[in-house]
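Keep the 3D view at hand and follow along, topic by topic.

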Amino acid sequence: ICGIIAAVTYGTNPLGALSLYADGINSASVLFYRYGLAVVLLAAVMLLRRNESLRVSWRELRIIATLGILFAASSLSLYLSFHYMDAGIASTILFVYPIMVAVIMALFFHEKTTLITVLSIALSLCGIGLLYRGGDGATLSTVGVLLVLVSSLTYALYIVIVNRSTLAMSPYKLSLYVMAFGALTIVLYSFTGADNS
């Protein structure tokens, strides 16, 4: 149930982003405020819980910083793709990330791949292949598709690292730090001037 809720709410990301784009706000700004609000809400939850320290070790901080950078890269590349293709199609292609997770786990961590997993991957790829044209019949933007695939890959790496790491902390604490490092990454990205949309 939690997985379904997460997928549905993550899939609604374009709804807010597109309306903010229409008002002239760029991708980095949209994401900075999104991440900033998440940091404030998660910090409030942690303060209310009062049963877990905010302290982390240097080893944990290095892992969390990596996760924050990957998560921000995933969000940025997805939000940038909305400028090149329909947001609905971009968000659909994004969900190739479970395939990437399965492949990474099989190739690098020797996780067993069942026949059902292989069939699921094949069906997913077929479904994504059917999206090669947009709603108006035009072929999808290569730049847009590449951005979504980067988003999927960085999110897949995020999931693999979380799965393989030995971080012993609540999801609230982990999310708080990941969002904080993600916000910092977005701020640094905004200084590059790459997001002029």
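Serine 91 counts as buried because its relative accessibility is 10%, under the 20% cut-off. Serine 91 sits in helix H5, and, leaving out residues up to four places away in sequence, it touches Pro14 and Phe82. Please bear in mind that this is a predicted model.

**Helix H5 and its cover**

**The largest nonpolar core**

- In soluble globular proteins, nonpolar side chains tend to be buried together.
- Here the largest nonpolar core has 52 residues, and Tyr79 and Phe82 are the ones with the most contacts inside it.
- Two or more residues each come from helix H2 (13–22), helix H3 (27–49), helix H4 (58–81), helix H5 (87–94), helix H6 (97–109), H8 and H9.
- H4 gives the largest share of this core, 10 residues.
- Beyond four places in sequence, phenylalanine 82 touches Pro14, Ala17, Leu18 and Tyr21, along with Ala87, Ala90 and Ser91.

- Setting aside neighbours within four places in sequence, valine 160 is in contact with Val101, Ile104, Met105 and Phe109.
- From valine 160 to alanine 6 the C-alpha to C-alpha distance is 17 Å, and the two are 154 residues apart in sequence.

**The largest pocket**

- The largest pocket holds about 540 Å³ of space.
- Among the 18 residues that line the pocket, Ala6, Thr9, Tyr10, Phe71 and Tyr155 are the closest to its centre.
- Helix H1 (2–11), helix H8 (142–164) and helix H9 (171–190) are the elements that give two or more residues to the lining.
- H1 contributes the largest share of the lining, 7 residues.
- By type, the lining divides into 13 nonpolar, 4 polar and 1 charged.

**The salt bridge**

- Side chains of opposite charge can pair when their charged atoms come close.
- How many salt bridges does the structure hold? The structure holds 1 salt bridge.
- Glutamate 52 and arginine 49 form a salt bridge, and their closest N and O atoms are 3.9 Å apart.
- Glutamate 52 is partly exposed, with a relative accessible area of 21%.
- Arginine 49 is also partly exposed, with a relative accessible area of 32%.

- Most residues other than glycine have a negative phi.
- Arginine 50, although not a glycine, has a positive phi of about 55 degrees.
- You will find arginine 50 in the loop between H3 and H4, where it is exposed, with a relative accessible area of 76%.
- Histidine 110 is not a glycine either, and it has a positive phi of about 55 degrees.
- Histidine 110 lies in the loop between H6 and H7, and it counts as exposed because its relative accessibility is 68%, over the 50% cut-off.

Technical notes:
Residues are numbered from 1 along each chain as its sequence is written. This is a predicted model: local features need pLDDT of at least 70, side-chain atom pairs count only at pLDDT 80 or more; totals for chains, interfaces and linings use all residues. Side-chain values use heavy atoms; hydrogens and water are left out. On a 1 Å grid over the protein atoms alone, a cavity is a set of points where a 1.4 Å probe fits but cannot get out, and a pocket is an open set with protein on both sides within 12 Å along at least five of seven lines; lining residues have an atom within 4 Å of a point. Grid points are joined across faces, edges and corners, and a volume is the space filled by probe spheres set on the points. Helices (H or I, at least four residues) and strands (E, at least two) are DSSP runs, numbered from the N terminus. Ala, Val, Leu, Ile, Met, Phe, Trp, Tyr, Cys and Pro count as nonpolar, Asp, Glu, Lys and Arg as charged, and the others, Gly among them, as polar. A nonpolar core is a set of buried Ala, Val, Leu, Ile, Met, Phe, Trp, Tyr and Cys residues joined through side-chain atoms within 4.5 Å. Buried means under 20% relative accessible area, exposed over 50%, partly exposed in between (1.4 Å probe, protein chains only). Contact means heavy atoms within 4.5 Å. A salt bridge is a side-chain nitrogen of Lys or Arg within 4 Å of a carboxyl oxygen of Asp or Glu.
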